[in-house]
Amino acid sequence: MIKRDIWYREMSDIPFIHKAGNYKTLVPLRITEARACFLNENFEKERMVLQFCNCLLMWIVKRRSDMISCDVFFDALRKEGIDFFTGVPDSLLSSLSAWLIAHTPERHMIAANEGNAVGIAAGYYLATGQIPVVYMQNSGIGNTVNPVASLLHKDVYQIPVLFLVGWRGEPGIHDEPQHVFQGKATIQMLEAMDVKAVVLDTDWERAQTQVTETIAYMKETGMPAALVIHKNTFETVKYAKAQNGYPLSREQALEVILAHLPQESRIVSTTGKLSRELFELREARGEGHDKDFLTVGSMGHASSIALGVAMESNHPVYCLDGDGAVLMHMGAMAILGQNQADNIQHILINNGCHESVGGQPTVGMQVQLDQVALACGYEKVYNCTDESALEAALEEVKQAKHVCLIQVFVNTDSRSDLGRPTVTSHENKANFMAHLPESS
Ligand SMILES: Cc1ncc(C[n+]2csc(CCOP(=O)(O)OP(=O)(O)O)c2C)c(N)n1
């Protein structure tokens, strides 16, 4: 959190700009109004922008009055008889997740993937006749395509599900490369599946009418519909990440891993902060990035990408995975376990949550993923909770003749100043491919 006295010392007498809800109107705010503002926590970075501009600050704040209260939003749904929620967390919808976890845990289920959530929602509808909610980042639309088209659609069973879709990569708003195309295609993709798409207004008076009309449409037609949600639509509801007491953080585990991998090995890393930490650790170690493929999108597919690479190369290939990602497409473990390649290893960094998007729990600590790996045909599994156990496992798998699982249990810490890769996704691909053919 920003310390109030530091904020006032740094910001006094400086007018700053408020980017309003629709990101078009620039509203100058007096410093005295800062109290009423929701501030970006990354203060150091913003201060650099301030120093650079000297007197003009492009500040990413929204007045609380521009935002929708989660209490009010869920109350409106409840009045329509909607009170069952399932989905996959996302940073853009983190306030919604936090609210659901705090207020209605027995009516809320975090799913393994967005298609899984559609299945649960459809079953709920069959049992109750009530409309369920599926929430997700727009990246998850792809995971819903089959159950939407062949389960919910009116040509099949005609099941109304209300989707809340976080709009990453919204045109006109800067976002990471993995969100750009998805952002452009979001509305079209929904409409192509005959899912009515309504972009939720950030002003509650207008949004309320949209919610009422959308639900009326669903009740009348029996069809699914989606409320597409801009960034910063909802007032902040904080979720306190559960702590689990494990000594290593994900980044510390990565440090140990990098120090013990064979020189010629290649890494395929999973979606989220793990890949960002890997990138920064490579910089800190003065190494290049050519040996790492950062799977910035396509959550849950890193181990499959690693398998494809391993099949066609002589390098030892290590997949660095997360528990949320492994659970999302757990079938990949079966294919990995049954493959013939002798040069692939699977390292699962398990913090029991979707740490990258707010720390919402996964079932990663309840499910014995090591036993799943063995059942899938992995040669051996290692469960590590500290540095020395991890080091020993990393040394041992160098001799393995088949895929093993090294599961590292870590805490839920991460740095607040974590950056993003400065190499583009195209450069990452080109560099990785260019350095793959020969063992080096
Ligand atoms: C299909 C899809 N759904 C949701 C997301 C949003 N998302 C990005 S990272 C992440 C969490 C990943 O959790 P985990 O694999 O456990 O790694 P951690 O962040 O805990 O290191 C989520 C849900 C996404 N990128 N793609």
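The shell around the ligand in this predicted model consists of seven nonpolar, 13 polar and five charged residues. Residues of this shell come from both domain 2 (67-229) and domain 3 (250-434), so the ligand lies between the two domains. Further points concern an open sheet of six strands with parallel pairing and two residues other than glycine with positive phi, Gln158 and Asp194.

**Ligand surroundings**

- The ligand has 25 residues around it, of which Gly272, Gly322, Gly324, Glu355 and Ser356 come nearest.
- Two or more residues of the shell are supplied by each of helix 10 (273-284), helix 12 (323-328) and strand 16 (353-354).
- Helix 12 provides the largest share of the shell, with three residues.

- In general, the strands of a sheet pair through backbone hydrogen bonds, in either a parallel or an antiparallel manner.

**Strands 14 and 15**

- Strand 14 (residues 317-322) and strand 15 (residues 344-350) run parallel and are joined by six bridges.
- Within this pairing, Gly322 stands opposite Ile349 of strand 15.

**Gln158: positive phi in a loop**

- Gln158 is not a glycine, yet its phi is positive, at about 55 degrees.
- This residue is placed in the loop that runs between helix 6 (141-152) and strand 9 (162-166).
- Gln158 has 13 other C-beta atoms within 10 Å and is therefore partly exposed, since the exposed class requires 12 or fewer and the buried class 20 or more.

**Asp194: positive phi in a loop**

- Asp194, a residue other than glycine, has a positive phi near 60 degrees.
- The loop that holds Asp194 lies between helix 7 (177-192) and strand 10 (196-199).
- With 16 other C-beta atoms within 10 Å, Asp194 is partly exposed.

Definitions and conventions: Residues are numbered from 1 along each chain as its sequence is written. This is a predicted model: local features need pLDDT of at least 70, side-chain atom pairs count only at pLDDT 80 or more; totals for chains, interfaces and linings use all residues. A residue is near a molecule or strand if its C-beta atom, placed from the backbone, lies within 6 Å of it. Helices (H or I, at least four residues) and strands (E, at least two) are DSSP runs, numbered from the N terminus. Ala, Val, Leu, Ile, Met, Phe, Trp, Tyr, Cys and Pro count as nonpolar, Asp, Glu, Lys and Arg as charged, and the others, Gly among them, as polar. Domain bounds come from an automatic or database domain assignment. Two strands pair if DSSP finds at least two bridges between them.
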